[in-house]
Every structure is written in C-alpha cells, then in structure tokens.
Amino acid sequence: METRTIARVLFDEAHSEAWTLDPARAAAMQPSHPADASYAQAAALLAEREFSVGGHRAGPLDAAALAGADVLVIAHPSDPAFERTTGIGEPRFTAAELDAIEAWVAAGGGLVLLGEEEQAKYGTNLAELAARFGIKLRSELVQDYDRCRTAPSWILPELADAGRGAGGDLLARVREICLYRATSLAAPGEAQVIARAGTGASSPGAPLIAAAQHGAGRVVVLGDSDLFGDDCLGELDHRALWLNLVAWVARHAFAHEDPAPPSPAAADSAWAALRAEVEALRAVQAPDGTVDLTDHPRAGLDARVERIDAALGALAPRFPHQAEHLVATRADLARWREGGYGAPDFTRSLAAFRPEQHREDGIEHLVLFPMYKQNGPREKVFEALIVRVPWPGWLAELERTRYGNPKFVPVTFVDHTSGYASESAVLFPETVTARETVNNFGAIFCDREAARLARTMAAAAEILRLNLPPDAAALLASPSLLRDAYVLWDLVHDRTHARGDLPFDPFMIRQRAPYWMYGLEELRCDLTAFREATILEAEGFPFARHVQYAILFDRLFRFPITGERRRNYDGLGGQLLFAFLHQEGHLAWTDNELTIDWETVTAGVGALRARVEELYRRGIDSSKLGYWAAAHDLVAEYVSPAAGSRWARGVRDFDDVEDPRPYIDEVREDEFPLSIFYATLRRKLAPPLPPSVPAPPAPVAA
C-alpha cells in the first residue's frame, strides 16, 4: 500500500563519489564486494517511509538541479586515484555550486555531508562546503584502542546529548554505532555534536558527527561514510541513526503544507448567504433550538428561513449525491417554520444524510442541522458546514480488506458556522435534534484532531524536554501526515467498541456506569488500535508507526490535561497509561526531563492492554458491582484515588445488589485527581492554547 510522499531525497553522484544508488554501478566500482560502494539499502530504507529517492548523475549541482529536492546527500567525493568512484564529474565543487547549495539550504533544504579519514588527500573541497555551515572537516584518522571493533580505526564513539524537545532527538533509538576509518570535525558555535571520540582516542573528545541549523534549513556532517553503506547499515543502530538524520534535516519539507484544493461550493455566493443567514438565525434561538415569537417578529423569521431555503436550493446542484437529503432538509425546515418555531425535528433529513455511502477521496458534503457540539457549545441551534472526505486508496483498501467499518467517515473542515469554532471534532447523529434515533454514520474531523495534538504536543515536548524521535517531530510538523494517522487510528478505534470480550459496552447499550468504566473502554479501543498499528508496521506498512505516535502522544500529553476535572473519563485513560508506563519502567521523569524508552514502550503498551482485556474477560463472570470494583482497583493500582473515596479498596462497603447504579452517586466528581506531574504540566501549558480552527466571519445583521 502506498501512502503519502512528503520529501524528495537527492543523492549526488556527479562529483566522483565513492558511493552510488545503482547496484550495477556499485558492482562495476567494487566487483569483489559491491556492498562497499552501494547506498542502495539506505535509499530503500528511505523509500519505505515518506521519502522519494533519486540520483543526480550529470551536470552541475545548481539551483535547477536542486529544484524540487528537499534533502541532498553528498557521500565522499574522491579523486579516482584514491577511491573507486562513480567516474562522473570532478570531485571538486565549483564556486557557483557551493553558492547554490548554501542558498538552497538557507531556503529550507536539508544537507547530509559524509566525509572520510584523511579528508584532504581525496582532492575534493567537501570541507569547504561544510565550513559554509560552521563545521570543519579535519584531515586525520581517528583511532581508539579502548573503544573499537575489530581494529582501532573502527571506533565506537561516545554519543552526546543530541537535543530534546519539539526539534527532535537525533539519537532516539540509537545506543551504539561504529565509525570505520573516520576523520574528526571542529564544531564551534551553535553546531550540535552528536558523537565524539572517546577519552582514550587519538583525538580525545573530538566531534565526529555534528548538526547545525542554517537559515530555514539543516545540515549534518559526518566524519565517515561507510556506516550507511550496504555492508554496514545493518550493524548496531546504524539504520535508526540514518533515518533520524534524514528525517531531521527534512523538517522543512514536512512542515510545508500544500494548500487544500479550492472548493467551488464554498466560493459560491449561495454558501456565503447560507452561512450568514444561519448565523443570524442562531442568534435568536433558545438553547433548545426554539424561537420565542413574542421576542422575535415572525415575519422577519419567515423571511430568513425563506432565504436559507433559497440558498439550499441554489447549492443543491453542487451536491448531486445529496439530492434526497437536501430535499428532506428543506422539508424539515419548512415544517419547523409551519410549526411556529418550536423544538426542531430533523429526523427525516438526518435519516437521508448518508455520507458513509459516498466515501470518495475529496468529495464534499453540505450540512445543515440543529445540533449541540461535543466539546463545544451545548445549545441545540443550527449549524451549517461544508466538509470534505479524505479517502485515499490505502485507507479504502484497509477498510475493505481488514478493518471493515461501514459507518465510519473521516472529514475535514471546508467552512463552518461559529458553533464549530470550538474544540468539537465530531459530527454524530446523536448530536442532531431529532425525535427518532438515527445511527447511520459517524464523522470525525481528523484535521481538528491533528491540529490540537500538534499544538499541545509541541508545547509539552519543549516543557518536558522529551526525547522525541525526529520522525515523530516530523509527524507533528506535517498536517497531512498527522491527519492520515488520525484517520487510520479512528477507523480501528471506532470498530473496536463492538469487538472483544464485552461484559459492558457503554456506547452501544447506553448503560449508566461509573466514569472509569468509560475511561477503560476508550483506552481499550486506543490500545487495540496501537497494537494493530504495530502489526501493520511489521508487515511492511511503515506509515503505521505514525498511528502509534499519535495514540501515545494524545493519550499521554493531551487527554489528561484538557477538559474540566469532572468525571473526565478520557483524561483518566491517559493518566492510567502514563502511570503504568512510568511504574513499569518504560518512561522516566528524571532531572526535569521525560525520557521514553523507545525500545520497550511498545511492549509496555501491550502489557497494559493485556491487563484491561483480562479485566473484561473476567467481568463476564462477575456481578456488575464486582466488575466495577475490579475496574476501580485496576486503575487505583497505578493512579491514586481521591482522599475520602467511597470506592477505594478497603473502604467501599456496598451490598452486591443486581442494580448497583445508586452507588454511582458515591463516585467523587474527580475520583482520580491529577498527579503532581500532570498538575504541574497543566499549569505550565497555561494560558490555554489557541483554537485549532479560526472562527468564521461574523454573521450579517438580522
């Protein structure tokens, strides 16, 4: 399955490099051992991710050659007298080429320069290029008899503090690497040293890998080029380091968002009229959706509703797939008017609104309903929206072959009235004012979910000095990737509510239960989606790792600190996940820095999922009260219940009756208060972050 490509990586092979992407050329360069001249595996590793890869094999590296490239890799140019090379071009870059590369980096390009031991002898001016970015390539052979593999020139460098926070940790998942016959660097100023020679090396403590910002772009310089060659890439943690370096220098490309395609419907004057008239109508509606005719003259209301009806009629040709629905909407609107503007009933139009039957990439839907907004205004007033469906081919295939979910509809905002200038990120049938139950779709605004995670996580990562992997930092910078991650997450999460051992299914049966039961159910669905994402990644769908990041970050860093502390079941699920991972050793809060063990955290998430599933399985054979109590005990094992809790183990004293619902009244509003960690983080994130989606224009006057 092909997913979104974000960045283009260009390997230079036109300056007599000692490495090539072409296996046939590598075999010609090194007939007895082609892997010693090939970066094909390094290129393939990138191509499995969000990168396209190509080679520059002719002509100067000028602005035209760099146009369209996001990352440039230059791997050890050399005079053929010293290395077997591509045989193309001269190893020296012209002054014009040096200027072009520097300007390209300053504008946002990412540059990876791979030098070699005794750099000066190779007849290249790669060191001059590195110096443009404040890093000097020295000319020596670093040896270390204390820290080495096989030979003292195969050194095991000391890995430095590679930076934390939203910018990304270049050494995430990297514990040990080997440099084969490396030179050292000088990295003064603001350059960030990634690896140094050991104290017993021939150049004690000398930088060997360094990174730097330059304008809008980023540069990494290495004193060795062998570690990413085909014969060394699989050694130690070289693969992880390679992916980290390229993702880090490509940050500008990930942060770039192509503008959304224009919407003819949103540009239609009829839509502007509809939105303005609905805004004016909302202003006179009571919270239950009615209009008091003693305060608002009927003639003016009738005229407004007629203009809304006319706008719907004018827009209808732009939404032919909604023909039946828009007829029903206009009819429901007319009935509301004829009934004297009492409580609206849009059952007929809601039943005819079937976006799940038109899941096509880019299709738009027109929405007009009286409704309340989850995590937004609770008034049941009218809202008008145009939404767009993202339904790429890979998602359609997964839904069709693996995660069947016929009611699931991901959507993004095109335009909306002011009720959705809030934190509401759903469009559900149950929020619409209707006298009969309709349950034919569930729409999630993946763009809003993505935007609010990105803004919260970026701030939290800085405050906590998190060891954020560069690909996770790139994800948070990429609105398109993050939206895709949410779509896949929600697809699996949504269907999980009806799957598994289910002694209690709060969202299907609508049972009343203590709020921690809802928290565990939402967490169970997220942990299941996390597991499925790990399976997909292992099967060769690397994009699924973004789903893992999104679930982990949203649960750990957004859910617990958002919303009021009143039976906040989503927040509780995040508190439990953090506390479990912390107490089981998968993350640590030490020296005012949060460190996630990226090697074990997946196993930790799986272990918590197993605990929750065991609770569910045993719950089938328990009384309802026993099940609720066992769930409370599971949460309380990791998250301390409130002082004075009537539900805590050793304190609760309830009769095990068939209907224990009266005991829910004994649940405290904040049964599991925030820990010191979260209470502090919440304060540090204040004042509240800005809304994800700007409010629409003000309504016209009545």
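The following dialogue explains how to read selected features of this predicted model.

Q: How many helices and strands does the protein chain have?
A: Helices (H or I, at least four residues) and strands (E, at least two) are DSSP runs, numbered from the N terminus. The protein chain has 23 helices and 20 strands.

Q: How does the radius of gyration of the protein chain stand against the globule rule?
A: The radius of gyration is taken over C-alpha atoms, and the globule rule is 2.2 Å times the number of residues to the power 0.38. For 702 residues the rule gives 27 Å; the radius of gyration of the protein chain is 30 Å, close to that value, so the chain is as compact as a globular protein of that length. Along the principal axes, its C-alpha atoms fill a box of roughly 95 × 65 × 45 Å.

Q: What percentage of the residues of the protein chain count as buried?
A: Buried means under 20% relative accessible area, exposed over 50%, and partly exposed in between (1.4 Å probe, protein chains only). Of the 702 residues, 57% count as buried.

Q: What is the strand order of the open sheet of eight strands?
A: Two strands pair if DSSP finds at least two bridges between them. In this open sheet the order is S2-S1-S3-S4-S13-S12-S11-S8, and the pairing is mixed. Strand S2 (51-56) and strand S8 (158-159) are the edge strands, each pairing on one side only.

Q: In which sense do strand S4 and strand S13 pair?
A: Strand S4 (residues 110-114) and strand S13 (residues 217-222) are parallel, with five bridges. Leu 114 has Leu 222 in S13 as its bridge partner.

Q: Which helix lies across S13, and at what angle?
A: Axes are lines fitted to C-alpha atoms, for helices over the stretch in contact, and angles run from 0 to 180 degrees between N-to-C directions. Contact means heavy atoms within 4.5 Å. Helix H6 (residues 238-249) runs at about 150° to S13, and also lies across strand S1 (7-12), S2, strand S3 (71-75), S4 and strand S12 (207-214).

Q: Is His 76 buried or exposed?
A: His 76 counts as buried because its relative accessibility is 1%. It is placed in the loop between S3 and H4. Beyond its neighbours within four places in sequence, His 76 has contacts that include Glu 17, Trp 19, Leu 114 and Ser 225.

Q: With which side chain does the side chain of Glu 102 make a polar contact?
A: A polar contact is a pair of N or O atoms within 3.5 Å; within protein, one must be able to donate a hydrogen and the other to accept it, and residues adjacent in sequence count only if both atoms are side-chain atoms. The partner of Glu 102 is the side chain of Arg 132, at 2.7 Å. Glu 102 belongs to helix H4 (residues 95-106) and, at 22% relative accessibility, counts as partly exposed.

Q: Where does Asp 591 lie, and what is its phi?
A: Asp 591 is in the loop between strand S19 (587-590) and strand S20 (593-596). Its phi is near 55°, a positive value in a residue other than glycine. With 70% relative accessibility, Asp 591 counts as exposed.

Definitions and conventions. Residues are numbered from 1 along each chain as its sequence is written. This is a predicted model: local features need pLDDT of at least 70, side-chain atom pairs count only at pLDDT 80 or more; totals for chains, interfaces and linings use all residues. Side-chain values use heavy atoms; hydrogens and water are left out.
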